[in-house]
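Dear colleague,

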Amino acid sequence: MVSVNIEKLKAIVGEQNILSDPADLYIYGSDSSVHQAMPHAVARPQNTEQVQAIMRYANSEKIPVIPRGSASVMCGQVVPVYGGIILDMRDMNRILEINPEDGYCRVEPGVVDDDLNRALKPYGVFYPPTPASSVVATIGGEIANNASGTRSVKYGAARDAVLAVKVVMANGDCFSLGANTRVAASGYPLEKLLIGSEGTLAIIVEATLRFVPIPKLRCMGIAKFNLLSDAGHAISEIMSSGCQPSMLELIDRIAIVAANKAEKLGLPEVDAILLFEADGMVKEVVDPEVQKFQSICEKHNGFGFEYSYEEKERARIWAGRSKLFPSLSKYDERLASTSLADDMAVPFSKMAETADKIHEVADRHGLVMTAYGHCGAGCMHTKILMDTDDESQWEAAKAAVAEIYDFVQSVGGTTSAEHGIGLSKAAAFKKEKAETLELMRAIKKAFDPNNILNPGKLMDGPDDWVSETQLRYQTSK
Amino acid sequence: MTNLEKLEKWKSALNKCIRCGYCYEHCQIYKSTRWDSDSPRGKLILLYGLLSGQVQPTPYVAEKLFECFHCNRCQKACSSGVPIQDVYNDARAFLQEAGYDVPGTTSLTDQDACALCLACVRSCKHEARHYANDRIEVDRLKCQSCGNCLDVCPAIGITIEQGFGTNPEELKRAVTDFFGNPANTGAKAVVFSCGWGNYPGLQTARYYKLDENPEYKVLMTICAGRVTSKTVLDTLDAGAWGVLICCCPEDDCEHGGNARVKARVKILTESLKNIGIDPNRVKVVEVPPKEAGKFTAETKSFMEEIKSLGPLMARSAR
C-alpha cells in the first residue's frame, strides 16, 4: 500500500511546488493516451538536489516515482498505474550552454523543443529530432521516449542527437553518463540506455545534445495518388534510389478528409498524398533530389506534382500534415480519435502492404483507422476513430491492435517507431521482445532494485490494456 | 444530488479532446502558474472527472473553472474543435447551482467601500453587474474579467483578486524586475499588449520572439484599458525611457478599453508636458489581433523615437 508524506515533499520543494488535491491528482493521472490512474502527489522540483532528495525519500519508502514533461505522450507512459509521486520536470527548463565551437548544447529536461530551436537559430543550427508536438514536448520527454519527427529521415532521432545525460538514480545518486564528444568508444553506452527507457531507469536532469547546421535551402514537393499502394511503391523506390529527402510523409484519404474538415484546406480527397522535402546549401544539390522525387512518383501513377522553395508556399503545402493529429477528431462528429496502434515501423518495401492491412483490419472490425507518418523513416502512424461510449468498440479495437502488430512483426517491423510503448503497446512489445524480456528486467533491477521508477511500463506493462488498466473513457452502451 | 445534465451534453465534446496539450501556449493562466490544472486541457480533464463521478465538486474545483480571462485563444487553437468556452460556461452554471459561488478571476465589490453610484453597472459591457438588494451584485457567469469596473469605481472598491500576472501590482513587479536586473543594461521601454487582441498572436508567432528583446519588455495586460496612469508613471519611474500601449482597434474592442486608455493617456501626456517631459514618451497605438507585422513596425518606430529622446533620467538618479 503506497503512502506519501506530503509534508516531507513540501519540505523538499516548497509548498508552492506540491499538489495533492484530488482534483489536481486526477488531472495529473492522464496523458494523451486512453489510460487514467491517480497519483498520490505531484512535485515540481527546481533543481537536481531536490530530485535527489525526493528519490532518496521515495526509495526508502518504496514509493513509485513517475517523471513527466508535458504529457503529450500517447501510450500511457506517464500514467501512474501504481500511484506514487509525479515529478513535473517543467520548471527545470534552463538552457545551460550553447557551444557552437564544439557543436553541442546542454539543457535541463524541461526545456520545450521549440524554445530550444528558437535559442539555437541565431547560431545557424537546429536540434533535429523535433516531433510534431514540438510546441509542448520537452527535451526530457523526447529523450525518455526516443522521439523523432518529420526530419528524422535525414537527421535521425533523439538517440542520434544525445551525447550525454546527467541522471538521478532511484537511490538518489547522481551520475553523468556519456561524453560531450562526437565519439566515445569504450564501455557500455549507458547514456543510450536511458533513451527510450520511458522513465523506468533514472531521472534525466541534464542532457548534452548535438545540433546540425540549418540548411540554406529547403524545397517542398507534393504528389497525389489514386491508389495507396502506388504511393507505397513510390516510397520504397525513393528510399532505395539514393535519394536523400529531409522529409517524406504519407497522408491517406481519411487523414486528408479530417485535415480538410478541421483546417478547410481544400486538399484533393485522393487515396494518398506524399509530401517530400529536400534541403541543402546549394540549389545544384537540392534540385536533382526534387526531380528524382517527381519522376519516381510519376512512374507510380502520381499526379498533381508541385513544389516550392518559398517559405510561405512550403507552409501552405505542409499545412495538411502539421495539424493532422488533432484534426482527426473532426473526421466524424460521432467518433473520437484514440491513440491506439498509434505507431509502428516497417521496412520501406512493406509500407504499402501495411497501410492496406490497416484499412482491411479496420473495416473488418467496424472501426475507422487512418494511415500516415514519416514513411521515409519506415514510420507508420494510425489512430482508431471510434465511438468510445460503446463497449463493443473497445473489444474490436483491442482485437484490431493485436492483429496489426502481429502483421507488423510478421513483415520484420517493430512495435514503436517513435511514440514509445507505455501501457497500450506493452502486449505487442512483449511479444516482439520475448527473447530479451528477462535481460531488460535485469537491467532495470540493476538501475532500480526496488522497482520504483515508473513501474508497470514497457516489459512490465499489461497483456490486456483494456481490462488491466483503467480507461479514461466511460462506456454507457 | 447535483444536476449533471448541463455537463452530460458535452460528454462527446470532452471525448473529442485528445489531450495533446497544444492549448498550453495560448493560456495566460497556465503560463503564469505552470500547473497542468490551470491549462485548458487540465480543466477539460477535470470536467470529464466531474461528469464521470471520479472528481467531486468542491470550492477548489469551482475556483479552477472560474479562473479564465475569456480570451478564447484555446478554443480558436483547438483543431479537435472542442467548444471550450461553451463547455466551461455550462460547467460554471452547474457549479454555481450546486452552491459553489467562488470569484475566480471575476470582479469583486467591497460593499463597505461601495457608494452605490452605479458607475460600474453602467460601464459593464457584459451586463454582469446590477443593483439588487441594496447592493451591487456580480453575475459571475457573465463577468469576463475585463476590469472595466475597476477603472470607473471612484471608491476604488472593486478588485480582481486573481490576476495571474496581469494585475497592476504584478505588472509593476515585472517592470521593476526588468529594469532592476543588472544584466539588462540596454533596457529602455515597456510595451503593454492587450491579452484579447495582439498579445496572443505575438505569443504564438513562432518565429518572432518579440518578448525577448533586450531593449524592451512586452507585458500582457487583460485589456489595454487596464493600463492605469499609475502603471505608466511607475514604469517611467523604474527607468523606462518610454511606454508603448498596444490596444485593439476601436471597432474590435469589446470591452471599452480602447477609448478609456486613449482618453487617459491624453490627459497624462498633457500633464507630463506641463512638467517638461516629452509627451511622445507615452504612446497608444492600435494593433489588430494577428498583425505581428504591425506590432513589429510600431514597436520599432517607437523605439527609434525614444532613443532619439534619450533616457528620461540618469540611471544613478533612480
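Chain A holds an open sheet of five strands in the order E5-E6-E10-E8-E9, with antiparallel pairing. Two strands are taken to pair if DSSP finds at least two bridges between them, and strands (E, at least two residues) and helices (H or I, at least four) are DSSP runs numbered from the N terminus. Strand E5 (95-99) and strand E9 (174-178) of chain A each have a single partner strand and stand at the edges, so one side of each is left without a neighbour in the sheet. On average, neighbouring strands of this sheet are turned by 15° against each other, direction ignored.

Please note that this is a predicted model, in which local features need pLDDT of at least 70 and side-chain atom pairs count only at pLDDT 80 or more, while totals for chains, interfaces and linings use all residues. Residues are numbered from 1 along each chain as its sequence is written, and chains are lettered from A and ligands numbered from 1 in the order in which they are written.

Within the sheet, strand E6 (residues 104-107) of chain A runs antiparallel to strand E10 (residues 203-210) of chain A, and four bridges join them. A:Val107 stands opposite A:Ala207 in E10(A). H4(A) lies across E5 and E6 of chain A and runs at about 40° to E5(A). Axes here are lines fitted to C-alpha atoms, for helices over the stretch in contact, and angles run from 0 to 180 degrees between N-to-C directions.

Chain A is divided into domain 1 (91-213) and domain 2 (217-419), with bounds that come from an automatic or database domain assignment. The centres of the two domains of chain A, taken over C-alpha atoms, are separated by 27 Å. Their contact takes 12 residues from domain 1 of chain A and 12 residues from domain 2 of chain A; two residues are in contact if their C-beta atoms, placed from the backbone, lie within 7 Å.

Turning to the two chains, 34 residues of chain A are in contact with 29 residues of chain B. H2(A) gives the largest share of the side of chain A that touches chain B, namely five residues. The residues of that side divide into 14 nonpolar, 10 polar and 10 charged, where Ala, Val, Leu, Ile, Met, Phe, Trp, Tyr, Cys and Pro count as nonpolar, Asp, Glu, Lys and Arg as charged, and the others, Gly among them, as polar.

With kind regards
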